[in-house]
There are 2 protein chains.
Amino acid sequence: MVQSAGTRFARFSALSLPFVFAFGHLYLSARSTPTLAKTQLSPVDHSHEIRAVLTEQQAAWNRGDIPAFLQGYWNSPDLTFAGSDGIVRGYDGLLERYRKTYPDKARMGELEFAGLEIRPLGADSALVVGHWHLKRTVGDAGGVFSLVFHRFPVGWRIIHDHTSAQKLTP
Amino acid sequence: MVQSAGTRFARFSALSLPFVFAFGHLYLSARSTPTLAKTQLSPVDHSHEIRAVLTEQQAAWNRGDIPAFLQGYWNSPDLTFAGSDGIVRGYDGLLERYRKTYPDKARMGELEFAGLEIRPLGADSALVVGHWHLKRTVGDAGGVFSLVFHRFPVGWRIIHDHTSAQKLTP
(Lines give C-alpha, C1' and ligand atoms only; values in the text may rest on other atoms or scores of the structure.)
Protein backbone atom coordinates (compact mmCIF):
# COMPACT_ATOMS: atom_id res chain seq x y z
CA MET A 1 0.00 0.00 0.00
CA VAL A 2 2.68 2.54 1.01
CA GLN A 3 4.84 1.45 -1.84
CA SER A 4 2.24 1.68 -4.51
CA ALA A 5 1.07 5.06 -3.22
CA GLY A 6 4.69 6.22 -3.23
CA THR A 7 5.06 5.22 -6.84
CA ARG A 8 2.00 7.17 -7.77
CA PHE A 9 3.17 10.23 -5.91
CA ALA A 10 6.59 10.05 -7.51
CA ARG A 11 4.90 10.38 -10.86
CA PHE A 12 2.86 13.28 -9.71
CA SER A 13 5.82 15.11 -8.18
CA ALA A 14 7.61 15.02 -11.51
CA LEU A 15 5.32 17.91 -12.40
CA SER A 16 6.77 21.38 -12.08
CA LEU A 17 6.65 22.96 -8.66
CA PRO A 18 4.87 26.13 -9.83
CA PHE A 19 2.17 23.89 -11.09
CA VAL A 20 1.82 22.24 -7.74
CA PHE A 21 1.70 25.60 -5.96
CA ALA A 22 -0.86 26.91 -8.39
CA PHE A 23 -3.15 24.03 -7.59
CA GLY A 24 -2.33 23.58 -3.95
CA HIS A 25 -5.99 23.58 -3.05
CA LEU A 26 -6.28 20.09 -4.49
CA TYR A 27 -6.30 18.56 -1.08
CA LEU A 28 -9.41 20.48 -0.19
CA SER A 29 -11.12 19.34 -3.35
CA ALA A 30 -10.54 15.71 -2.53
CA ARG A 31 -13.84 15.59 -0.73
CA SER A 32 -16.07 16.01 -3.72
CA THR A 33 -14.18 14.21 -6.45
CA PRO A 34 -14.46 10.43 -6.11
CA THR A 35 -17.78 10.27 -7.93
CA LEU A 36 -16.18 11.55 -11.10
CA ALA A 37 -13.22 9.20 -10.78
CA LYS A 38 -15.59 6.30 -10.32
CA THR A 39 -17.66 7.05 -13.35
CA GLN A 40 -14.73 7.65 -15.68
CA LEU A 41 -12.38 4.84 -14.71
CA SER A 42 -13.49 1.28 -14.38
CA PRO A 43 -11.91 -0.24 -11.28
CA VAL A 44 -9.22 -2.87 -11.70
CA ASP A 45 -10.70 -6.28 -10.94
CA HIS A 46 -8.76 -7.97 -8.16
CA SER A 47 -11.34 -10.62 -7.45
CA HIS A 48 -9.26 -13.48 -8.88
CA GLU A 49 -6.37 -12.60 -6.53
CA ILE A 50 -8.72 -12.49 -3.56
CA ARG A 51 -10.34 -15.78 -4.54
CA ALA A 52 -6.85 -17.31 -4.79
CA VAL A 53 -6.13 -16.32 -1.16
CA LEU A 54 -9.37 -17.99 -0.05
CA THR A 55 -8.66 -21.10 -2.11
CA GLU A 56 -5.21 -21.36 -0.48
CA GLN A 57 -6.83 -20.98 2.94
CA GLN A 58 -9.34 -23.70 2.19
CA ALA A 59 -6.60 -26.08 1.03
CA ALA A 60 -4.50 -25.35 4.14
CA TRP A 61 -7.48 -25.96 6.41
CA ASN A 62 -8.36 -29.23 4.72
CA ARG A 63 -4.88 -30.60 5.27
CA GLY A 64 -5.13 -29.57 8.95
CA ASP A 65 -2.55 -26.79 8.68
CA ILE A 66 -3.79 -23.85 10.75
CA PRO A 67 -0.56 -21.76 10.48
CA ALA A 68 -0.80 -21.99 6.67
CA PHE A 69 -4.50 -21.08 6.86
CA LEU A 70 -3.53 -18.00 8.88
CA GLN A 71 -1.28 -16.79 6.07
CA GLY A 72 -4.37 -15.35 4.41
CA TYR A 73 -4.54 -12.84 7.26
CA TRP A 74 -2.58 -9.65 7.82
CA ASN A 75 0.34 -10.51 10.09
CA SER A 76 -0.16 -7.59 12.47
CA PRO A 77 -1.24 -6.84 16.03
CA ASP A 78 -3.95 -4.68 14.38
CA LEU A 79 -5.67 -7.63 12.72
CA THR A 80 -9.16 -8.04 14.18
CA PHE A 81 -11.59 -10.94 14.33
CA ALA A 82 -15.15 -10.32 15.51
CA GLY A 83 -17.70 -12.91 16.48
CA SER A 84 -19.84 -14.25 19.29
CA ASP A 85 -16.78 -14.19 21.58
CA GLY A 86 -16.30 -10.46 21.01
CA ILE A 87 -13.19 -9.11 19.33
CA VAL A 88 -9.92 -11.04 19.06
CA ARG A 89 -6.89 -8.89 18.28
CA GLY A 90 -3.67 -9.63 16.46
CA TYR A 91 -2.31 -12.43 14.35
CA ASP A 92 -1.01 -14.31 17.39
CA GLY A 93 -4.33 -13.95 19.19
CA LEU A 94 -6.19 -15.30 16.17
CA LEU A 95 -3.78 -18.23 15.78
CA GLU A 96 -4.37 -19.10 19.43
CA ARG A 97 -8.16 -18.85 18.98
CA TYR A 98 -8.12 -21.17 15.97
CA ARG A 99 -5.86 -23.66 17.73
CA LYS A 100 -8.10 -23.68 20.79
CA THR A 101 -11.38 -23.94 18.86
CA TYR A 102 -10.06 -26.48 16.37
CA PRO A 103 -7.54 -28.63 18.30
CA ASP A 104 -7.54 -31.55 15.84
CA LYS A 105 -8.55 -32.57 12.33
CA ALA A 106 -11.87 -34.01 13.53
CA ARG A 107 -12.89 -30.58 14.86
CA MET A 108 -11.58 -28.85 11.76
CA GLY A 109 -13.37 -31.10 9.31
CA GLU A 110 -13.64 -30.26 5.63
CA LEU A 111 -14.05 -26.55 4.91
CA GLU A 112 -16.12 -25.24 2.05
CA PHE A 113 -16.89 -21.68 1.07
CA ALA A 114 -20.03 -20.84 -0.88
CA GLY A 115 -21.79 -17.83 -2.39
CA LEU A 116 -18.73 -15.59 -2.32
CA GLU A 117 -19.49 -11.94 -3.11
CA ILE A 118 -16.48 -9.71 -3.66
CA ARG A 119 -17.05 -5.95 -3.63
CA PRO A 120 -14.21 -3.48 -4.24
CA LEU A 121 -13.86 -0.66 -1.70
CA GLY A 122 -11.50 1.77 -3.37
CA ALA A 123 -8.32 0.59 -5.10
CA ASP A 124 -6.72 -1.32 -2.26
CA SER A 125 -9.57 -2.74 -0.20
CA ALA A 126 -12.42 -5.13 -0.75
CA LEU A 127 -15.30 -6.65 1.16
CA VAL A 128 -15.94 -10.36 0.80
CA VAL A 129 -19.18 -11.83 2.11
CA GLY A 130 -19.85 -15.55 1.99
CA HIS A 131 -20.95 -18.75 3.64
CA TRP A 132 -18.66 -21.26 5.36
CA HIS A 133 -19.40 -24.88 6.09
CA LEU A 134 -17.47 -27.52 8.00
CA LYS A 135 -18.34 -31.12 7.23
CA ARG A 136 -17.34 -33.04 10.37
CA THR A 137 -17.73 -36.39 12.06
CA VAL A 138 -18.29 -34.48 15.33
CA GLY A 139 -21.21 -32.52 13.83
CA ASP A 140 -21.27 -30.03 10.99
CA ALA A 141 -20.93 -26.30 11.56
CA GLY A 142 -21.42 -23.30 9.33
CA GLY A 143 -22.51 -19.74 8.96
CA VAL A 144 -21.60 -16.50 7.25
CA PHE A 145 -18.52 -14.31 7.23
CA SER A 146 -17.58 -10.79 6.24
CA LEU A 147 -13.93 -10.24 5.37
CA VAL A 148 -12.25 -6.92 4.74
CA PHE A 149 -9.25 -7.44 2.50
CA HIS A 150 -6.46 -4.95 1.98
CA ARG A 151 -3.84 -4.99 -0.76
CA PHE A 152 -0.28 -5.00 0.59
CA PRO A 153 2.98 -5.22 -1.40
CA VAL A 154 2.93 -8.98 -0.65
CA GLY A 155 -0.64 -9.31 -1.89
CA TRP A 156 -4.20 -9.25 -0.59
CA ARG A 157 -4.66 -10.09 3.07
CA ILE A 158 -7.63 -10.15 5.45
CA ILE A 159 -7.39 -7.22 7.87
CA HIS A 160 -10.75 -7.84 9.56
CA ASP A 161 -12.91 -10.95 9.83
CA HIS A 162 -16.40 -11.11 11.27
CA THR A 163 -17.68 -14.66 11.39
CA SER A 164 -21.02 -15.96 12.65
CA ALA A 165 -22.20 -19.48 13.24
CA GLN A 166 -25.63 -19.89 11.73
CA LYS A 167 -28.56 -21.04 13.80
CA LEU A 168 -29.48 -24.57 12.84
CA THR A 169 -33.02 -24.88 11.58
CA PRO A 170 -34.88 -27.77 13.21
CA MET B 1 -3.97 0.11 -9.68
CA VAL B 2 -0.53 0.85 -11.01
CA GLN B 3 -2.13 0.70 -14.40
CA SER B 4 -4.88 3.06 -13.54
CA ALA B 5 -2.42 5.49 -11.91
CA GLY B 6 -0.41 5.41 -15.11
CA THR B 7 -3.51 6.07 -17.12
CA ARG B 8 -4.35 9.04 -14.99
CA PHE B 9 -0.92 10.55 -15.47
CA ALA B 10 -0.88 9.87 -19.17
CA ARG B 11 -4.17 11.64 -19.62
CA PHE B 12 -3.04 14.53 -17.53
CA SER B 13 0.22 15.06 -19.36
CA ALA B 14 -1.57 15.15 -22.68
CA LEU B 15 -3.24 18.40 -21.69
CA SER B 16 -1.62 21.58 -22.85
CA LEU B 17 -0.12 23.63 -20.05
CA PRO B 18 -2.09 26.83 -20.66
CA PHE B 19 -5.25 24.85 -20.56
CA VAL B 20 -4.18 23.15 -17.41
CA PHE B 21 -3.33 26.42 -15.69
CA ALA B 22 -6.61 27.93 -16.71
CA PHE B 23 -8.98 25.04 -16.11
CA GLY B 24 -6.86 22.17 -14.95
CA HIS B 25 -7.94 22.35 -11.37
CA LEU B 26 -11.30 20.92 -12.24
CA TYR B 27 -9.77 17.91 -13.86
CA LEU B 28 -7.04 17.49 -11.29
CA SER B 29 -9.43 17.77 -8.47
CA ALA B 30 -11.17 14.78 -9.87
CA ARG B 31 -8.20 12.62 -10.63
CA SER B 32 -5.08 13.27 -8.68
CA THR B 33 -6.07 14.42 -5.28
CA PRO B 34 -6.77 11.16 -3.48
CA THR B 35 -3.20 10.05 -4.22
CA LEU B 36 -1.75 13.32 -3.03
CA ALA B 37 -3.90 13.27 0.03
CA LYS B 38 -2.73 9.77 0.85
CA THR B 39 0.97 10.26 0.39
CA GLN B 40 1.77 13.84 1.22
CA LEU B 41 -0.91 14.79 3.64
CA SER B 42 -2.66 12.74 6.22
CA PRO B 43 -5.90 11.33 4.80
CA VAL B 44 -9.03 13.37 5.22
CA ASP B 45 -10.55 12.37 8.51
CA HIS B 46 -14.20 11.46 8.05
CA SER B 47 -14.60 9.85 11.44
CA HIS B 48 -16.69 12.71 12.84
CA GLU B 49 -19.17 12.35 9.96
CA ILE B 50 -19.37 8.61 10.49
CA ARG B 51 -19.79 9.04 14.23
CA ALA B 52 -22.60 11.52 13.55
CA VAL B 53 -24.48 8.88 11.52
CA LEU B 54 -24.16 6.41 14.40
CA THR B 55 -25.23 9.02 16.95
CA GLU B 56 -28.32 9.76 14.83
CA GLN B 57 -29.07 6.04 14.64
CA GLN B 58 -28.74 5.66 18.39
CA ALA B 59 -31.09 8.62 19.01
CA ALA B 60 -33.65 7.23 16.53
CA TRP B 61 -33.51 3.78 18.16
CA ASN B 62 -33.94 5.21 21.63
CA ARG B 63 -37.12 7.03 20.64
CA GLY B 64 -38.41 3.78 19.11
CA ASP B 65 -38.18 5.00 15.50
CA ILE B 66 -36.90 2.11 13.39
CA PRO B 67 -37.44 3.83 9.98
CA ALA B 68 -35.29 6.77 11.19
CA PHE B 69 -32.69 4.29 12.51
CA LEU B 70 -32.61 2.70 9.04
CA GLN B 71 -31.66 6.03 7.48
CA GLY B 72 -28.05 5.31 8.45
CA TYR B 73 -28.11 2.47 5.89
CA TRP B 74 -27.73 2.62 2.13
CA ASN B 75 -31.22 2.66 0.64
CA SER B 76 -30.55 -0.04 -1.94
CA PRO B 77 -31.48 -3.63 -2.76
CA ASP B 78 -27.70 -4.28 -2.57
CA LEU B 79 -27.47 -3.43 1.12
CA THR B 80 -26.46 -6.55 3.06
CA PHE B 81 -26.80 -7.56 6.69
CA ALA B 82 -25.00 -10.68 7.94
CA GLY B 83 -25.55 -12.46 11.21
CA SER B 84 -26.63 -15.70 12.81
CA ASP B 85 -29.69 -15.76 10.52
CA GLY B 86 -27.50 -15.70 7.42
CA ILE B 87 -27.60 -12.79 4.99
CA VAL B 88 -30.49 -10.35 4.74
CA ARG B 89 -30.60 -8.34 1.52
CA GLY B 90 -31.90 -4.89 0.71
CA TYR B 91 -33.14 -1.92 2.66
CA ASP B 92 -36.71 -3.25 2.73
CA GLY B 93 -35.54 -6.67 3.89
CA LEU B 94 -33.55 -5.10 6.71
CA LEU B 95 -36.45 -2.88 7.75
CA GLU B 96 -38.64 -5.97 7.94
CA ARG B 97 -36.02 -7.84 9.96
CA TYR B 98 -35.71 -5.03 12.48
CA ARG B 99 -39.49 -4.66 12.78
CA LYS B 100 -39.87 -8.40 13.34
CA THR B 101 -37.00 -8.73 15.84
CA TYR B 102 -37.88 -5.53 17.70
CA PRO B 103 -41.69 -5.21 17.54
CA ASP B 104 -42.00 -2.74 20.42
CA LYS B 105 -40.04 -0.34 22.60
CA ALA B 106 -39.58 -2.96 25.35
CA ARG B 107 -37.74 -5.22 22.88
CA MET B 108 -35.77 -2.31 21.49
CA GLY B 109 -34.66 -0.99 24.87
CA GLU B 110 -31.93 1.63 25.20
CA LEU B 111 -29.14 1.29 22.65
CA GLU B 112 -25.54 2.14 23.44
CA PHE B 113 -22.46 1.82 21.27
CA ALA B 114 -19.04 1.41 22.84
CA GLY B 115 -15.42 1.03 21.80
CA LEU B 116 -15.95 2.36 18.28
CA GLU B 117 -12.95 1.89 15.99
CA ILE B 118 -13.11 3.69 12.66
CA ARG B 119 -10.61 2.66 9.99
CA PRO B 120 -10.52 4.38 6.60
CA LEU B 121 -10.50 2.07 3.55
CA GLY B 122 -9.55 4.39 0.72
CA ALA B 123 -11.15 7.81 0.28
CA ASP B 124 -14.79 6.76 0.23
CA SER B 125 -15.07 3.72 2.46
CA ALA B 126 -14.47 2.93 6.09
CA LEU B 127 -14.72 -0.01 8.45
CA VAL B 128 -16.31 0.57 11.84
CA VAL B 129 -15.98 -2.09 14.52
CA GLY B 130 -17.67 -1.71 17.87
CA HIS B 131 -19.81 -3.09 20.65
CA TRP B 132 -23.58 -2.69 20.95
CA HIS B 133 -25.68 -3.06 24.06
CA LEU B 134 -29.43 -2.98 24.63
CA LYS B 135 -30.56 -2.22 28.15
CA ARG B 136 -34.01 -3.80 28.38
CA THR B 137 -36.69 -4.76 30.86
CA VAL B 138 -37.08 -8.03 28.90
CA GLY B 139 -33.38 -8.88 29.34
CA ASP B 140 -30.30 -7.11 28.06
CA ALA B 141 -28.66 -8.03 24.79
CA GLY B 142 -25.38 -7.07 23.21
CA GLY B 143 -22.45 -8.06 21.07
CA VAL B 144 -20.15 -6.75 18.39
CA PHE B 145 -20.69 -5.34 14.93
CA SER B 146 -18.64 -4.63 11.83
CA LEU B 147 -19.99 -1.92 9.55
CA VAL B 148 -18.70 -1.03 6.11
CA PHE B 149 -19.51 2.59 5.36
CA HIS B 150 -19.42 4.19 1.93
CA ARG B 151 -19.47 7.89 1.14
CA PHE B 152 -22.31 8.87 -1.18
CA PRO B 153 -23.24 12.38 -2.37
CA VAL B 154 -25.83 12.44 0.44
CA GLY B 155 -23.22 11.42 3.01
CA TRP B 156 -21.82 8.30 4.67
CA ARG B 157 -24.10 5.27 4.76
CA ILE B 158 -23.71 1.66 5.91
CA ILE B 159 -23.49 -0.64 2.89
CA HIS B 160 -22.81 -3.84 4.88
CA ASP B 161 -23.51 -4.74 8.50
CA HIS B 162 -22.34 -7.89 10.24
CA THR B 163 -23.71 -8.09 13.76
CA SER B 164 -23.21 -10.80 16.38
CA ALA B 165 -24.88 -11.34 19.71
CA GLN B 166 -22.24 -12.03 22.31
CA LYS B 167 -22.36 -15.17 24.41
CA LEU B 168 -23.34 -14.29 27.94
CA THR B 169 -20.71 -15.22 30.49
CA PRO B 170 -22.18 -17.07 33.46
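Reader: What makes the charged end of A:R97 count as sitting over the ring of A:Y98?

Author: In this predicted model, the charged end of A:R97 is 5.3 Å from the centre of the A:Y98 ring. The distance cut-off is within 6 Å, and the charge must also be within 35 degrees of the ring normal. The charged end of A:R97 does sit over that ring. Chain B has such an arrangement too: the charged end of B:R97 lies over the ring of B:Y98, 5.3 Å from its centre.

Reader: Which aromatic cluster is A:Y98 part of?

Author: One formed by A:W61, A:F69, A:Y73, A:F81, A:Y98 and A:Y102. Over all chains, the structure holds 20 aromatic pairs.

Reader: Why is the pair of A:F113 and A:F145 called edge-to-face?

Author: Happy to show you! The ring centres are 5.4 Å apart, and the planes stand at 75 degrees. A:F113 belongs to strand β3 and A:F145 to strand β5 of chain A, 32 residues apart.

Reader: How do you know whether A:F145 is buried or exposed?

Author: Its relative accessible area is 3%. Buried means under 20%, so A:F145 is buried.

Reader: What makes B:F69 and B:Y98 an edge-to-face pair?

Author: Their rings are 5.2 Å apart centre to centre, with 75 degrees between the planes. That angle is over the 60 degrees required. B:F69 lies in helix α5 and B:Y98 in helix α6 of chain B, so the pair ties together parts 29 residues apart in sequence. Both B:F69 and B:Y98 are buried.

Technical notes:
Residues numbered from 1 in each chain as written. Chains lettered and ligands numbered in written order. Predicted model: local features only at pLDDT ≥ 70, side-chain atom pairs only at ≥ 80, totals over all residues. Heavy atoms only, no water. Phe/Tyr/Trp six-rings, centres within 6.5 Å; stacked < 30°, edge-to-face > 60°. Helix = DSSP H or I, 4+ residues; strand = E, 2+ residues; numbered from the N terminus. Buried < 20%, exposed > 50% of the residue type's maximum accessible area, 1.4 Å probe, protein only.
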